[in-house]
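Hi,

Here is the structure I promised to pass on. Have a look at it first, and then read my notes below.

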Amino acid sequence: MMRVLLLVLTNVAVMAVLFLTMNIIGAVFGIDMSAGSTGAILTVAIVVGFGGSFISLLMSKWMAKRSMGVQIIENPQTAQERWLVETVRRQAERSGIGMPEVGIFYSPDPNAFATGANRNNALVAVSQGLLDTMTADEVEAVLGHEIGHVANGDMVTQTLLQGVLNTFVIIFARLIGLAIDRFFSGSSDEESSSPGWGYFIGSMIAEILLSFVATAIVMWFSRYREFKADIAGADLAGRQKMINALKRLQGAHATEDLPGEMAAFGIAGGLGTGLRKIFMTHPPLEERIAALENMR
């Protein structure tokens, strides 16, 4: 739950910075950015809502390399590195995408992720723990799963979804803030350009609460995408290899979520029940295995 809280607060913080930037720009160029202006609310909502998401997308590879300590395989030195690069190359060609960068990051937990701004400029990285605990067939399936994320355009799709949700969060938070401000001030002037503390406090609280709802929707979509990526892994490597890889992950009970946005595009995710399950990036492994076993 702490990871979800940090994700929500980070998203709110990015939107807040962009919102402040928009107000500064409005002040410099004389643009009406008053809280009561419908046009201003829509403008800020669209720019801030989509701006934060696309900034995150464009920085995703750089952030992944820095935060995870990914070592890019530029000139393969070992048989394992050569096999990794060639396997990714073969799967990328079959999927009709550009060759991703391939890297390894140190973690004792078996995990992998894919990220990047578009299908032809992606990064696929695997943990040392995954290479140490899985067979070559299982690693091949995991790579196919990650290539599936790239080929399906999951990074861009999630960015668009997050942008749309951010936009609605900002619009409804501002409208709620205006309603609260007018309720406590007794004002009925819908075009008032001087909102009080009720607006600022109300919109801030509403934005945080609505961001949790938006996050739950994004996490639901993330879980849906995992089933699609599993199917891609089964197509590229073989269904039984994909099932075996998921069963191997099932035995690694200590596997932790990847940090931040990488969690949504990893092969494994933490476990959750009840309310916590709503905010998980991955569906339970038993459900993913069952889906593949029942696939025709």
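How many residues of β3 are buried, and why is β3 largely enclosed by the rest of the structure? 5 of its 5 residues are buried, so the rest of the structure largely encloses β3. By "buried" I mean under 20% relative accessible area, with exposed being over 50% and partly exposed in between, using a 1.4 Å probe and protein chains only.

Before going further, some housekeeping. This is a predicted model, where local features need pLDDT of at least 70, side-chain atom pairs count only at pLDDT 80 or more, and totals for chains, interfaces and linings use all residues. Residues are numbered from 1 along each chain as its sequence is written, and side-chain values use heavy atoms, with hydrogens and water left out.

The overall picture

The chain has 11 helices and 4 strands. Both kinds of element are DSSP runs numbered from the N terminus: helices are H or I with at least four residues, and strands are E with at least two. Of the 296 residues in the chain, 48% are buried. Among the chain's contacts with a separation of 6 or more, 71% are between residues 24 or more positions apart; contact here means heavy atoms within 4.5 Å.

The sheet

The 4 strands make an open sheet, in the order β1-β2-β4-β3, with mixed pairing. At its edges are β1 (71–72) and β3 (112–116), each of which pairs on one side only. Two strands count as paired if DSSP finds at least two bridges between them.

- β1 and β2 (residues 101–105) run antiparallel and are joined by 2 bridges. I72 has G103 in β2 as its bridge partner.
- β2 and β4 pair in the parallel sense, over 5 bridges. Here I104 stands opposite V126 in β4.
- β4 (residues 122–127) pairs with β3 in the antiparallel sense, also over 5 bridges. G116 has A122 in β4 as its bridge partner, and β3 and β4 form a hairpin with 5 residues between them.

Back to β3 for a moment. In a regular strand the side chains alternate between the two faces of the sheet. Both faces of β3 are covered, with A112, A114 and G116 buried on one side and F113 and T115 buried on the other. As for β2, 4 of its 5 residues are buried, so β2 is largely enclosed by the rest of the structure too.

Two helix pairs

Take α6 (residues 136–151) and α9 (residues 239–251). Their axes come within 8 Å and cross at roughly 95°. The axes are lines fitted to C-alpha atoms, for helices over the stretch in contact, and the angles run from 0 to 180 degrees between N-to-C directions. α6 and α9 are therefore roughly perpendicular to each other; the cut-offs are under 35 degrees for roughly parallel, over 145 for roughly antiparallel, 65 to 115 for roughly perpendicular, and oblique for the rest. On the α6 side the contact involves D137, E138, E140, A141, V142 and H145, which meet K241, M242, N244, A245 and R248 in α9. By class, this contact has 4 nonpolar, 2 polar and 5 charged residues. For those classes, Ala, Val, Leu, Ile, Met, Phe, Trp, Tyr, Cys and Pro count as nonpolar, Asp, Glu, Lys and Arg as charged, and the others, Gly among them, as polar.

The other pair is α8 (residues 197–237) and α11 (residues 285–293), whose axes come within 10 Å and cross at roughly 50°. That makes α8 oblique to α11. The contact is made by E226, F227, D230, I231 and A234 of α8 together with E287, R288, A291 and L292 of α11. Those residues divide into 5 nonpolar, no polar and 4 charged.

Two residues to look up

W83 lies in α4 (residues 79–95) and counts as partly exposed at 31% relative accessibility. Leaving aside neighbours within four places in sequence, W83 is in contact with A136, V139, E140 and L143. W83 and E140 are 57 residues apart along the chain, and their C-alpha atoms are separated by 9.7 Å.

K247, in α9, is partly exposed as well, with a relative accessible area of 40%. With neighbours within four places in sequence left aside, K247 is in contact with I289 and E293.

Cheers
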